[in-house]
Amino acid sequence: MTSRNPRDSRLRLVSPRTLAAAPRAAVTQRRRPAPRPPEGTPPPAELARMARAVLADAARVAHWADTALRPGREGASSGGKGTLSAAAAERAAAELGLTPDQVHHDWDTARLAGLVEVHGDSARPGWRLRAWHRDDSAVLRGWVAFFDAWSIAHPEPEDREPAAVAEVVSAMPQVLSFLQLSAGPVPVEQLLDLLEQRVTELRTERCEVAYVPQPEPSAEPSTEDTPLAPLLDWSLNAIASVGALTYGAGQATLTPLGSWAVWVKLEQICVAAQSPAGNIEVSAEDMLRGCAQLRPNAARAEYRAWLAARTVGAAVTQLIDAARGEDALIRGLAFEALRVVGAPAEPDVRTVVEETPLRPYALLWLAEHDGADPEDAHEVLTREEATWLWVDTAAAVADHGEAPLLVRHLESAVQATVPALLDEVRAVGHPRTVQVLVALAAAHPDPALAKAVRRAAFQVHTGGS
(Lines give C-alpha, C1' and ligand atoms only; values in the text may rest on other atoms or scores of the structure.)
Protein backbone atom coordinates (compact mmCIF):
# COMPACT_ATOMS: atom_id res chain seq x y z
CA MET A 1 0.00 0.00 0.00
CA THR A 2 1.37 3.40 -0.92
CA SER A 3 1.81 5.87 1.93
CA ARG A 4 0.12 9.27 1.59
CA ASN A 5 2.23 10.77 4.40
CA PRO A 6 4.08 13.83 2.99
CA ARG A 7 7.15 12.75 4.95
CA ASP A 8 7.35 9.50 3.03
CA SER A 9 10.88 9.10 1.67
CA ARG A 10 9.54 8.68 -1.86
CA LEU A 11 8.17 12.22 -1.68
CA ARG A 12 11.50 13.71 -0.62
CA LEU A 13 13.98 15.29 -2.98
CA VAL A 14 17.73 14.94 -2.86
CA SER A 15 19.84 17.75 -1.41
CA PRO A 16 19.48 21.01 -3.35
CA ARG A 17 22.22 21.70 -5.85
CA THR A 18 23.02 24.37 -8.35
CA LEU A 19 20.24 25.08 -10.82
CA ALA A 20 21.47 24.29 -14.29
CA ALA A 21 20.08 24.18 -17.77
CA ALA A 22 18.55 20.92 -18.87
CA PRO A 23 21.05 18.37 -20.19
CA ARG A 24 21.16 18.28 -23.94
CA ALA A 25 21.34 15.21 -26.09
CA ALA A 26 24.80 14.43 -27.37
CA VAL A 27 25.39 14.59 -31.07
CA THR A 28 28.26 12.68 -32.55
CA GLN A 29 30.21 14.97 -34.80
CA ARG A 30 33.71 15.53 -36.08
CA ARG A 31 35.07 18.48 -34.14
CA ARG A 32 38.08 20.58 -34.98
CA PRO A 33 40.89 19.54 -32.63
CA ALA A 34 42.06 22.15 -30.15
CA PRO A 35 44.84 24.13 -31.84
CA ARG A 36 48.30 24.19 -30.34
CA PRO A 37 50.32 27.39 -30.07
CA PRO A 38 53.43 27.69 -32.25
CA GLU A 39 56.48 25.77 -31.13
CA GLY A 40 58.48 27.76 -28.61
CA THR A 41 55.47 29.58 -27.13
CA PRO A 42 55.91 29.79 -23.34
CA PRO A 43 53.37 27.95 -21.17
CA PRO A 44 50.34 29.94 -19.94
CA ALA A 45 51.82 30.48 -16.49
CA GLU A 46 54.93 32.09 -17.99
CA LEU A 47 52.84 34.21 -20.36
CA ALA A 48 50.75 35.35 -17.40
CA ARG A 49 53.92 36.30 -15.52
CA MET A 50 54.94 38.47 -18.47
CA ALA A 51 51.48 40.04 -18.62
CA ARG A 52 51.57 40.80 -14.89
CA ALA A 53 54.92 42.51 -15.37
CA VAL A 54 53.53 44.72 -18.17
CA LEU A 55 50.46 45.65 -16.13
CA ALA A 56 52.11 45.77 -12.70
CA ASP A 57 51.96 49.56 -12.35
CA ALA A 58 48.34 49.66 -13.50
CA ALA A 59 47.39 46.91 -11.06
CA ARG A 60 49.16 48.76 -8.26
CA VAL A 61 47.13 51.92 -8.85
CA ALA A 62 43.91 49.91 -9.26
CA HIS A 63 44.52 48.09 -5.96
CA TRP A 64 45.23 51.43 -4.29
CA ALA A 65 41.98 52.88 -5.61
CA ASP A 66 40.06 49.78 -4.51
CA THR A 67 41.27 50.34 -0.95
CA ALA A 68 41.39 54.13 -0.74
CA LEU A 69 38.41 55.23 -2.83
CA ARG A 70 35.68 52.86 -1.71
CA PRO A 71 32.39 54.61 -0.94
CA GLY A 72 32.43 55.97 2.59
CA ARG A 73 36.20 56.32 2.77
CA GLU A 74 37.54 59.76 3.57
CA GLY A 75 38.53 61.57 0.39
CA ALA A 76 36.90 58.99 -1.87
CA SER A 77 36.09 60.77 -5.11
CA SER A 78 36.44 60.57 -8.85
CA GLY A 79 36.50 63.05 -11.66
CA GLY A 80 33.42 61.65 -13.40
CA LYS A 81 33.28 59.24 -16.37
CA GLY A 82 35.56 56.89 -14.47
CA THR A 83 38.52 59.28 -14.35
CA LEU A 84 40.54 60.08 -11.24
CA SER A 85 40.00 63.51 -9.74
CA ALA A 86 43.05 65.74 -9.38
CA ALA A 87 42.87 65.36 -5.60
CA ALA A 88 42.74 61.55 -5.82
CA ALA A 89 45.69 61.51 -8.25
CA GLU A 90 47.74 63.74 -5.92
CA ARG A 91 46.93 61.47 -2.99
CA ALA A 92 47.83 58.32 -4.92
CA ALA A 93 51.08 59.90 -6.11
CA ALA A 94 52.07 60.76 -2.56
CA GLU A 95 51.23 57.31 -1.18
CA LEU A 96 52.73 55.30 -4.06
CA GLY A 97 55.82 57.41 -4.71
CA LEU A 98 54.73 58.43 -8.21
CA THR A 99 53.95 61.65 -10.03
CA PRO A 100 50.30 62.58 -10.70
CA ASP A 101 50.92 62.13 -14.43
CA GLN A 102 52.16 58.59 -13.81
CA VAL A 103 49.08 57.86 -11.70
CA HIS A 104 46.76 59.09 -14.44
CA HIS A 105 48.64 57.02 -17.04
CA ASP A 106 48.49 53.87 -14.92
CA TRP A 107 44.81 54.48 -14.18
CA ASP A 108 44.06 54.74 -17.89
CA THR A 109 45.97 51.50 -18.49
CA ALA A 110 43.96 49.79 -15.74
CA ARG A 111 40.74 50.86 -17.43
CA LEU A 112 41.88 49.58 -20.83
CA ALA A 113 42.89 46.23 -19.30
CA GLY A 114 39.60 45.81 -17.45
CA LEU A 115 41.23 46.04 -14.02
CA VAL A 116 38.93 49.00 -13.48
CA GLU A 117 35.43 49.05 -14.96
CA VAL A 118 33.53 52.25 -15.66
CA HIS A 119 29.78 52.42 -15.02
CA GLY A 120 28.30 55.78 -15.92
CA ASP A 121 30.22 58.41 -13.99
CA SER A 122 31.79 55.98 -11.54
CA ALA A 123 34.50 53.33 -11.63
CA ARG A 124 34.84 50.12 -9.67
CA PRO A 125 37.35 47.26 -9.47
CA GLY A 126 36.97 44.83 -12.34
CA TRP A 127 36.72 41.07 -11.94
CA ARG A 128 40.21 40.74 -13.41
CA LEU A 129 41.63 42.75 -10.52
CA ARG A 130 39.85 40.46 -8.06
CA ALA A 131 41.44 37.45 -9.79
CA TRP A 132 44.82 39.12 -10.34
CA HIS A 133 46.92 36.85 -8.11
CA ARG A 134 45.08 33.57 -8.60
CA ASP A 135 43.82 33.36 -12.18
CA ASP A 136 46.36 33.37 -15.01
CA SER A 137 43.64 33.35 -17.68
CA ALA A 138 42.07 36.51 -16.22
CA VAL A 139 45.44 38.26 -16.33
CA LEU A 140 46.04 37.20 -19.93
CA ARG A 141 42.58 38.36 -20.98
CA GLY A 142 43.29 41.71 -19.36
CA TRP A 143 46.55 42.06 -21.21
CA VAL A 144 44.95 41.09 -24.53
CA ALA A 145 42.32 43.81 -23.95
CA PHE A 146 45.19 46.27 -23.38
CA PHE A 147 46.95 44.99 -26.50
CA ASP A 148 43.77 45.46 -28.55
CA ALA A 149 43.67 49.10 -27.39
CA TRP A 150 47.27 49.94 -28.37
CA SER A 151 46.21 52.91 -30.51
CA ILE A 152 44.36 54.40 -27.51
CA ALA A 153 47.10 53.63 -25.01
CA HIS A 154 49.64 55.52 -27.14
CA PRO A 155 47.75 58.37 -28.91
CA GLU A 156 48.67 59.22 -32.48
CA PRO A 157 50.60 62.37 -33.44
CA GLU A 158 48.31 65.37 -33.56
CA ASP A 159 49.71 66.62 -36.86
CA ARG A 160 48.67 63.55 -38.85
CA GLU A 161 45.64 63.19 -41.08
CA PRO A 162 42.96 61.32 -39.00
CA ALA A 163 41.80 59.29 -42.01
CA ALA A 164 45.36 58.10 -42.68
CA VAL A 165 45.77 57.16 -39.01
CA ALA A 166 42.56 55.13 -39.17
CA GLU A 167 43.81 53.31 -42.28
CA VAL A 168 47.10 52.42 -40.62
CA VAL A 169 45.31 51.12 -37.52
CA SER A 170 43.10 48.98 -39.76
CA ALA A 171 46.14 47.68 -41.66
CA MET A 172 48.31 46.80 -38.64
CA PRO A 173 46.75 43.36 -37.98
CA GLN A 174 48.21 42.16 -41.28
CA VAL A 175 51.60 43.64 -40.34
CA LEU A 176 51.45 41.89 -36.98
CA SER A 177 50.46 38.61 -38.64
CA PHE A 178 53.52 38.88 -40.88
CA LEU A 179 55.70 39.49 -37.83
CA GLN A 180 54.18 36.47 -36.12
CA LEU A 181 54.77 34.21 -39.11
CA SER A 182 58.33 35.50 -39.48
CA ALA A 183 59.14 34.40 -35.91
CA GLY A 184 62.08 36.79 -35.69
CA PRO A 185 63.32 40.31 -36.42
CA VAL A 186 61.91 41.97 -39.54
CA PRO A 187 63.41 45.12 -41.12
CA VAL A 188 61.18 48.17 -40.86
CA GLU A 189 61.53 48.78 -44.62
CA GLN A 190 59.88 45.43 -45.28
CA LEU A 191 57.06 46.24 -42.86
CA LEU A 192 56.57 49.63 -44.53
CA ASP A 193 56.18 47.96 -47.93
CA LEU A 194 53.58 45.61 -46.49
CA LEU A 195 51.76 48.48 -44.77
CA GLU A 196 51.62 50.51 -47.99
CA GLN A 197 50.22 47.52 -49.89
CA ARG A 198 47.54 46.91 -47.28
CA VAL A 199 46.52 50.58 -47.11
CA THR A 200 46.25 50.63 -50.91
CA GLU A 201 43.97 47.57 -50.71
CA LEU A 202 41.78 49.28 -48.11
CA ARG A 203 41.43 52.35 -50.28
CA THR A 204 40.59 50.22 -53.31
CA GLU A 205 37.94 48.34 -51.35
CA ARG A 206 36.32 51.69 -50.57
CA CYS A 207 36.59 52.65 -54.25
CA GLU A 208 38.91 55.52 -53.41
CA VAL A 209 40.77 55.16 -56.68
CA ALA A 210 42.47 58.12 -58.28
CA TYR A 211 40.89 59.21 -61.54
CA VAL A 212 41.68 61.62 -64.41
CA PRO A 213 41.38 64.56 -64.56
CA GLN A 214 42.79 65.21 -61.09
CA PRO A 215 40.94 67.74 -58.95
CA GLU A 216 42.42 71.13 -58.38
CA PRO A 217 44.98 71.16 -55.54
CA SER A 218 43.49 72.24 -52.26
CA ALA A 219 44.93 73.60 -49.07
CA GLU A 220 43.87 70.47 -47.22
CA PRO A 221 46.26 67.51 -47.55
CA SER A 222 44.67 64.37 -48.96
CA THR A 223 44.90 60.95 -47.35
CA GLU A 224 46.98 59.71 -50.28
CA ASP A 225 49.57 62.44 -49.67
CA THR A 226 50.17 61.42 -46.06
CA PRO A 227 53.50 59.59 -45.72
CA LEU A 228 53.06 56.26 -43.96
CA ALA A 229 56.59 55.87 -42.55
CA PRO A 230 55.96 58.19 -39.56
CA LEU A 231 52.65 56.44 -38.86
CA LEU A 232 54.35 53.04 -38.98
CA ASP A 233 56.93 54.38 -36.53
CA TRP A 234 54.14 55.55 -34.23
CA SER A 235 52.33 52.19 -34.53
CA LEU A 236 55.39 50.13 -33.71
CA ASN A 237 56.24 52.34 -30.75
CA ALA A 238 52.65 52.10 -29.53
CA ILE A 239 52.56 48.30 -29.80
CA ALA A 240 55.94 48.12 -28.10
CA SER A 241 54.55 50.25 -25.25
CA VAL A 242 51.94 47.57 -24.46
CA GLY A 243 54.58 44.84 -24.36
CA ALA A 244 53.79 43.11 -27.66
CA LEU A 245 57.01 43.78 -29.56
CA THR A 246 60.51 45.22 -29.37
CA TYR A 247 61.41 48.00 -31.75
CA GLY A 248 64.80 49.48 -32.49
CA ALA A 249 67.87 49.47 -34.76
CA GLY A 250 65.64 49.51 -37.83
CA GLN A 251 63.78 46.30 -37.06
CA ALA A 252 60.85 44.95 -35.06
CA THR A 253 60.32 41.63 -33.29
CA LEU A 254 57.25 40.30 -31.53
CA THR A 255 57.75 39.42 -27.88
CA PRO A 256 56.62 35.93 -26.79
CA LEU A 257 53.52 37.57 -25.34
CA GLY A 258 52.83 39.46 -28.56
CA SER A 259 53.41 36.39 -30.73
CA TRP A 260 50.99 34.37 -28.62
CA ALA A 261 48.35 37.14 -28.76
CA VAL A 262 48.56 37.45 -32.55
CA TRP A 263 48.29 33.66 -32.86
CA VAL A 264 45.16 33.76 -30.67
CA LYS A 265 43.64 36.43 -32.92
CA LEU A 266 44.40 34.36 -36.03
CA GLU A 267 42.76 31.32 -34.43
CA GLN A 268 39.65 33.39 -33.66
CA ILE A 269 39.45 34.40 -37.31
CA CYS A 270 39.71 30.75 -38.32
CA VAL A 271 36.93 29.79 -35.93
CA ALA A 272 34.70 32.54 -37.30
CA ALA A 273 35.42 31.48 -40.86
CA GLN A 274 34.78 27.78 -40.26
CA SER A 275 31.69 28.04 -38.00
CA PRO A 276 31.71 24.44 -36.68
CA ALA A 277 27.98 23.80 -37.13
CA GLY A 278 27.27 26.29 -39.90
CA ASN A 279 25.17 28.80 -37.94
CA ILE A 280 27.32 31.87 -38.43
CA GLU A 281 24.94 33.71 -40.78
CA VAL A 282 21.61 33.06 -39.06
CA SER A 283 19.75 35.05 -36.41
CA ALA A 284 20.52 34.65 -32.72
CA GLU A 285 17.43 32.53 -32.08
CA ASP A 286 18.13 30.23 -35.02
CA MET A 287 21.76 29.92 -33.97
CA LEU A 288 20.77 29.01 -30.42
CA ARG A 289 18.22 26.51 -31.66
CA GLY A 290 20.92 24.96 -33.84
CA CYS A 291 23.16 24.65 -30.76
CA ALA A 292 20.50 22.99 -28.62
CA GLN A 293 21.66 19.46 -29.46
CA LEU A 294 25.40 20.16 -29.18
CA ARG A 295 27.59 19.28 -26.26
CA PRO A 296 28.58 22.32 -24.15
CA ASN A 297 32.10 22.67 -25.61
CA ALA A 298 30.83 22.41 -29.18
CA ALA A 299 28.05 24.91 -28.43
CA ARG A 300 30.56 27.40 -27.01
CA ALA A 301 32.67 27.07 -30.15
CA GLU A 302 29.58 27.88 -32.19
CA TYR A 303 28.76 30.88 -29.98
CA ARG A 304 32.30 32.20 -30.45
CA ALA A 305 32.08 31.82 -34.23
CA TRP A 306 28.71 33.57 -34.36
CA LEU A 307 29.91 36.39 -32.09
CA ALA A 308 33.14 36.89 -34.04
CA ALA A 309 31.13 37.74 -37.15
CA ARG A 310 29.22 40.60 -35.42
CA THR A 311 29.83 43.71 -33.41
CA VAL A 312 29.50 43.08 -29.70
CA GLY A 313 26.62 45.51 -29.22
CA ALA A 314 24.51 44.04 -32.01
CA ALA A 315 25.20 40.47 -30.90
CA VAL A 316 24.25 41.14 -27.28
CA THR A 317 21.03 42.90 -28.33
CA GLN A 318 20.05 39.93 -30.51
CA LEU A 319 20.78 37.42 -27.75
CA ILE A 320 18.72 39.31 -25.17
CA ASP A 321 15.84 39.69 -27.62
CA ALA A 322 15.97 35.93 -28.19
CA ALA A 323 15.91 35.37 -24.42
CA ARG A 324 12.68 37.38 -24.17
CA GLY A 325 10.85 34.84 -26.34
CA GLU A 326 8.52 32.12 -25.10
CA ASP A 327 10.96 29.21 -25.50
CA ALA A 328 12.67 28.62 -22.15
CA LEU A 329 15.42 26.54 -23.74
CA ILE A 330 16.40 29.47 -25.98
CA ARG A 331 16.37 31.72 -22.92
CA GLY A 332 18.85 29.52 -21.08
CA LEU A 333 21.09 29.12 -24.13
CA ALA A 334 21.06 32.88 -24.77
CA PHE A 335 22.61 33.49 -21.36
CA GLU A 336 25.15 30.73 -22.00
CA ALA A 337 26.16 32.64 -25.14
CA LEU A 338 26.30 35.86 -23.12
CA ARG A 339 28.78 34.13 -20.79
CA VAL A 340 31.02 33.71 -23.81
CA VAL A 341 30.68 37.45 -24.55
CA GLY A 342 31.84 38.25 -21.02
CA ALA A 343 32.38 41.75 -19.63
CA PRO A 344 31.14 43.73 -22.68
CA ALA A 345 27.66 42.28 -22.10
CA GLU A 346 27.40 43.44 -18.49
CA PRO A 347 25.60 46.78 -19.03
CA ASP A 348 22.92 45.11 -21.16
CA VAL A 349 22.48 42.23 -18.73
CA ARG A 350 21.99 44.71 -15.88
CA THR A 351 19.20 46.41 -17.78
CA VAL A 352 17.06 43.23 -17.82
CA VAL A 353 17.36 42.42 -14.12
CA GLU A 354 13.90 43.88 -13.49
CA GLU A 355 12.27 41.77 -16.22
CA THR A 356 10.71 38.84 -14.35
CA PRO A 357 11.37 36.09 -16.94
CA LEU A 358 15.01 37.13 -17.32
CA ARG A 359 15.80 38.18 -13.75
CA PRO A 360 17.10 34.82 -12.39
CA TYR A 361 19.28 34.28 -15.46
CA ALA A 362 20.64 37.83 -15.28
CA LEU A 363 21.38 37.59 -11.54
CA LEU A 364 23.29 34.32 -12.01
CA TRP A 365 25.22 35.81 -14.94
CA LEU A 366 26.17 38.90 -12.93
CA ALA A 367 27.19 36.84 -9.90
CA GLU A 368 29.53 34.71 -12.00
CA HIS A 369 30.83 37.82 -13.77
CA ASP A 370 31.64 39.36 -10.39
CA GLY A 371 33.72 36.32 -9.46
CA ALA A 372 31.28 33.96 -7.74
CA ASP A 373 31.94 30.26 -8.20
CA PRO A 374 29.36 28.90 -10.68
CA GLU A 375 28.50 26.21 -8.13
CA ASP A 376 27.60 28.88 -5.56
CA ALA A 377 26.14 31.56 -7.84
CA HIS A 378 22.57 30.37 -7.20
CA GLU A 379 22.87 31.72 -3.66
CA VAL A 380 22.18 35.23 -5.02
CA LEU A 381 18.63 34.15 -5.91
CA THR A 382 15.73 34.48 -3.51
CA ARG A 383 13.64 31.39 -2.90
CA GLU A 384 10.96 32.77 -5.23
CA GLU A 385 13.49 33.52 -8.01
CA ALA A 386 15.03 30.07 -7.68
CA THR A 387 11.59 28.49 -7.93
CA TRP A 388 10.74 30.55 -11.02
CA LEU A 389 13.98 29.39 -12.64
CA TRP A 390 13.20 25.80 -11.71
CA VAL A 391 9.83 26.02 -13.49
CA ASP A 392 11.36 27.76 -16.50
CA THR A 393 14.05 25.09 -16.83
CA ALA A 394 11.43 22.38 -16.38
CA ALA A 395 9.48 23.96 -19.24
CA ALA A 396 12.58 23.71 -21.44
CA VAL A 397 12.96 20.04 -20.51
CA ALA A 398 9.28 19.33 -21.11
CA ASP A 399 9.41 20.95 -24.54
CA HIS A 400 12.75 19.61 -25.74
CA GLY A 401 13.90 16.80 -23.45
CA GLU A 402 12.82 13.32 -22.47
CA ALA A 403 10.69 12.17 -19.55
CA PRO A 404 13.63 10.83 -17.47
CA LEU A 405 15.30 14.24 -17.68
CA LEU A 406 12.19 15.90 -16.29
CA VAL A 407 12.07 13.42 -13.43
CA ARG A 408 15.76 14.05 -12.65
CA HIS A 409 15.10 17.79 -12.76
CA LEU A 410 13.34 17.38 -9.41
CA GLU A 411 16.79 16.97 -7.88
CA SER A 412 17.72 20.59 -8.67
CA ALA A 413 14.82 22.14 -6.73
CA VAL A 414 15.73 24.12 -3.61
CA GLN A 415 12.75 22.75 -1.67
CA ALA A 416 13.36 19.69 0.49
CA THR A 417 10.03 17.96 -0.21
CA VAL A 418 7.64 17.67 -3.12
CA PRO A 419 4.72 19.23 -1.18
CA ALA A 420 6.88 22.27 -0.39
CA LEU A 421 7.96 22.47 -4.01
CA LEU A 422 4.38 22.30 -5.26
CA ASP A 423 3.23 24.99 -2.85
CA GLU A 424 5.96 27.39 -3.96
CA VAL A 425 5.62 26.55 -7.65
CA ARG A 426 1.94 27.46 -7.46
CA ALA A 427 2.80 30.72 -5.67
CA VAL A 428 5.34 32.10 -8.17
CA GLY A 429 2.81 32.29 -10.99
CA HIS A 430 4.98 31.13 -13.86
CA PRO A 431 2.86 31.03 -17.05
CA ARG A 432 4.00 27.47 -17.83
CA THR A 433 3.23 26.05 -14.38
CA VAL A 434 0.26 23.92 -15.42
CA GLN A 435 2.02 22.41 -18.44
CA VAL A 436 5.14 21.65 -16.38
CA LEU A 437 3.19 19.94 -13.61
CA VAL A 438 1.11 17.91 -16.05
CA ALA A 439 4.25 16.76 -17.87
CA LEU A 440 5.96 15.88 -14.58
CA ALA A 441 2.94 13.90 -13.38
CA ALA A 442 2.86 11.96 -16.64
CA ALA A 443 6.59 11.23 -16.46
CA HIS A 444 7.08 10.29 -12.83
CA PRO A 445 6.92 6.56 -12.01
CA ASP A 446 5.72 7.02 -8.40
CA PRO A 447 1.88 6.92 -8.44
CA ALA A 448 1.54 8.85 -5.15
CA LEU A 449 3.84 11.62 -6.29
CA ALA A 450 2.25 11.76 -9.75
CA LYS A 451 -1.22 12.09 -8.17
CA ALA A 452 -0.05 14.93 -5.91
CA VAL A 453 1.46 16.75 -8.88
CA ARG A 454 -1.68 16.29 -11.00
CA ARG A 455 -3.79 17.69 -8.15
CA ALA A 456 -1.52 20.72 -7.95
CA ALA A 457 -1.78 21.25 -11.69
CA PHE A 458 -5.58 21.11 -11.49
CA GLN A 459 -5.62 23.62 -8.64
CA VAL A 460 -3.40 26.06 -10.56
CA HIS A 461 -5.59 25.66 -13.65
CA THR A 462 -8.84 26.30 -11.75
CA GLY A 463 -7.41 28.88 -9.37
CA GLY A 464 -8.36 26.70 -6.41
CA SER A 465 -6.41 25.99 -3.22
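Begin by selecting Leu-179, which is found in helix α8, residues 162–182. The structure on screen is a predicted model.

**Stop one: Leu-179 and its surroundings**

Is Leu-179 buried or exposed? With a relative accessibility of 2%, Leu-179 counts as buried, because the cut-off for that class is under 20%. Next, display the side chains around this leucine. Leaving aside residues up to four places away in sequence, Leu-179 touches Gly-184, Val-186, Leu-191, Leu-245, Ala-252 and Leu-254.

**Stop two: helices α13 and α15**

Select residues 296–308, which form helix α13, together with residues 328–341, which form helix α15. Two packed helices are described by the angle between their axes and the distance between the axes. Here the axes of α13 and α15 come within 10 Å and cross at roughly 65°. Helices α13 and α15 are therefore roughly perpendicular to each other, and their crossing is right-handed.

Which residues of α13 and α15 meet? On the α13 side, show Arg-300, Tyr-303, Arg-304 and Leu-307; on the α15 side, show Leu-333, Glu-336, Ala-337, Val-340 and Val-341. Coloured by residue class, this contact contains 6 nonpolar and 3 charged residues, with no polar ones.

**Stop three: helices α17 and α18**

Move on to helix α17, residues 359–369, and helix α18, residues 383–400. The axes of this pair come within 9 Å, crossing at roughly 110°. That angle makes α17 roughly perpendicular to α18. To view the contact, select Arg-359, Pro-360, Tyr-361, Leu-363 and Leu-364 from α17, then Glu-385, Trp-388, Leu-389, Asp-392 and Thr-393 from α18. By class, the residues joining α17 to α18 comprise 6 nonpolar, 1 polar and 3 charged.

**Last stop: the whole chain**

How many helices and strands does the chain have? Its secondary structure comes to 22 helices and 5 strands. Of the 465 residues, 44% count as buried, and Leu-179 from the opening stop is one that counts as buried. Among contacts between residues at least 6 apart in sequence, 67% join residues at least 24 apart. Switching to a surface display, the chain exposes about 24000 Å², of which carbon and sulfur atoms supply 54%.

Terms used:
Residues numbered from 1 in each chain as written. Predicted model: local features only at pLDDT ≥ 70, side-chain atom pairs only at ≥ 80, totals over all residues. Heavy atoms only, no water. Axes fitted to C-alpha atoms, helices over the stretch in contact; angles between N-to-C directions. Helix = DSSP H or I, 4+ residues; strand = E, 2+ residues; numbered from the N terminus. Parallel < 35°, antiparallel > 145°, perpendicular 65-115°, else oblique. Left-handed = near helix turned anticlockwise from the far one by under 90°. Contact = heavy atoms within 4.5 Å. Nonpolar A, V, L, I, M, F, W, Y, C, P; charged D, E, K, R; others polar. Buried < 20%, exposed > 50% of the residue type's maximum accessible area, 1.4 Å probe, protein only. Areas by Shrake-Rupley, 256 points an atom, 1.4 Å probe, with all protein chains shown as cover.
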